[in-house]
Amino acid sequence: MANLEDSFLADLDDLSDSDNEILDEDKGDVEHMEEDVSGDLADIEAINYDDLDSVSKLQKTQRYTDIMKKVEDALEKGSNMSNQGMVLEDDPEYQLIVDCNTLSVDIENEIVIIHNFIRDKYRLKFPELESLVHHPIDYARVVKKIGNEVDLTLVDLEGLLPSAVIMVVSVTASTTSGKPLPQDILQKTIEACDRALTLDASKKKVLDFVESRMGYIAPNLSAIVGSAVAAKLMGTAGGLTSLAKMPACNVQILGAKKKNLAGFSTATSQFRVGYIEQTEVFQTTPPALKMRACRLVAAKSTLAARVDSIRGDPSGKQGRIYREEIRKKIEKWQEPPPAKQPKPLPVPDSEPKKKRGGRRLRKMKERYAITDMRKLANRMQFGVPEESSLGDGLGEGYGMLGQAGNGKLRVSVGQSKLAAKVAKKFKDKQYSSGGATSGLTSSLAFTPVQGIDLIDPQADANRLGSGTQSTYFSETGTFSKIKRT
């Protein structure tokens with residue numbers, strides 16, 4: 001027993017040692033993870049979310065300042081077409097346009113960051129506003145306009161929001177649970193709104209510059225969607241090369257925004273349409289065909305952007321061809337379906353057709369010919385009502401059947417020639433077999449000695465035809481005289 005207890009204790013000691021080693025390893029891993037998380041938290045805590053300058057840093061960068069200065073100088077000088085013979089990638093103006101596209105994307109991201117900052121600060125005053133106004137710039141304008149005002153009937157939001165949204169915002173503000181902001185937080189919020197509006201103005205200036213150069217940079221794309229929409233597509237995609245690499249389904253939704261319907265119907269809203277809805281082709285298309293037209297314009301715009309990215313047609317002729325194809329297709333969609341033409345009858349043949357003749361055809365006609373009874377049933381006598389199966393004109397009519405006699409249905413049905421021939425032929429086959437034995441004759445005979453005996457019935461008939469039996473049963477035979485003994 002002692003040996004067994006010692007072995008159990010030794011096993012338990014081994015298990016405890018292994019558990020301690022696993023716990024030590026886990027503690028080491030946890031310490032490393034805590035160090036990594038503490039490092040990340042230190043970086044996050046280094047950002048002061050109460051300070052706008054620590055959140056938004058784009059306007060303080062040298063790249064932003066240099067690009068905006070170049071854009072302003074280029075807008076003052078106007079378009080420069082002296083470098084048309086140069087390769088597109090080597091043109092400094094094209095490089096500026098590429099930088100502008102990149103900067104416009106950065107400005108969009110910066111506006112989103114500032115929008116989150118404004119939303120976090122202003123949530124204490126009007127928490128429902130962020131669910132009513134989704135666009136960052138509109139939200140910043142409304143927040144700057146409202147400020148700390150409690151009664152929104154004193155605030156004129158006309159021109160900032162649609163009438164339906166203004167009504168919903170006014171009603172919601174009267175029942176909000178928010179409280180007025182302290183003066184320092186309100187001042188930071190208004191400053192963030194001003195910075196967002198300034199970035200939006202810089203973005204518009206960049207897009208204006210890109211739009212003014214679209215005739216040189218992307219002539220084919222501008223011929224389809226227009227210079228303004230082409231500049232917006234390029235700015236959102238990040239350049240002409242990035243736009244050319246995009247599929248048409250992604251080009252279609254470039255610039256699409258989440259729409260606030262304020263409880264209204266979604267039947268007529270276009271959710272999957274971006275900047276393409278601002279094109280002339282989309283605006284002039286009937287509502288039922290707008291989505292098809294949007295997909296078509298997106299597909300042709302992608303092709304035109306690929307042509308422009310390789311400088312395939314600097315004159316823009318290919319883009320005008322694509323636009324004409326779009327116009328013709330939309331016109332084709334609006335055409336009514338062709339009327340169903342009546343099918344004309346075939347021209348009657350003046351020559352008599354060749355018909356089969358001979359005994360076979362005559363037999364077939366005679367076989368399927370109408371009977372005399374059916375002929376009388378199909379006829380009607382003028383001025384005389386016909387009899388019917390149910391009476392009073394109901395049921396199947398009898399026509400002229402029975403009208404010539406005493407009211408009974410009498411029709412003399414004669415045997416047709418074909419039926420007579422068939423009957424005669426069958427009779428000849430039945431009775432013309434001479435020398436045939438009767439069907440009742442059997443070659444088996446039952447005898448008391450052998451039981452069943454095989455005999456020749458014809459030989460037996462010949463034997464019976466001779467001798468006394470022939471005279472006894474003969475039709476011509478007479479009684480014979482029997483001598484008495």
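Predicted model: local features only at pLDDT ≥ 70, side-chain atom pairs only at ≥ 80, totals over all residues.
Q: Which helix gives the most to the positive patch?
A: The positive surface patch consists of Arg 356, Arg 359, Arg 360, Arg 362, Lys 421 and Lys 425. Two helices, H17 (359-367) and H19 (417-431), each supply at least two of its residues. The top contribution is 3 residues, and it comes from H17.

Q: Is Arg 356 buried or exposed?
A: Arg 356 belongs to the positive patch and lies in the loop between helix H16 (317-334) and H17. Exposed means over 50% relative accessible area. Arg 356 has 55%, so the residue is exposed.

Q: Why is Glu 149 classed as partly exposed?
A: Glu 149 sits in the loop between helix H6 (136-146) and helix H7 (163-174). Buried requires under 20% relative accessible area and exposed over 50%, with partly exposed in between. Glu 149 is partly exposed because its relative accessible area is 31%.

Q: How many Å apart in space are Glu 149 and Pro 180, C-alpha to C-alpha?
A: Leaving out residues up to four places away in sequence, Glu 149 touches Lys 125, Leu 154 and Val 155. Pro 180 is 31 residues from Glu 149 in sequence, and the C-alpha to C-alpha distance between them is 7.9 Å.

Definitions and conventions
Residues numbered from 1 in each chain as written. Heavy atoms only, no water. Patch = residues over 30% accessible without salt bridge, like charges linked within 9 Å, V, L, I, M, F, W, Y side chains within 5 Å. Areas by Shrake-Rupley, 256 points an atom, 1.4 Å probe, with all protein chains shown as cover. Salt bridge = Lys/Arg side-chain N within 4 Å of Asp/Glu carboxyl O. Lys, Arg positive; Asp, Glu negative; His and termini not counted. Charge placed at Lys NZ, Arg CZ, Asp CG, Glu CD. Helix = DSSP H or I, 4+ residues; strand = E, 2+ residues; numbered from the N terminus. Buried < 20%, exposed > 50% of the residue type's maximum accessible area, 1.4 Å probe, protein only. Contact = heavy atoms within 4.5 Å.
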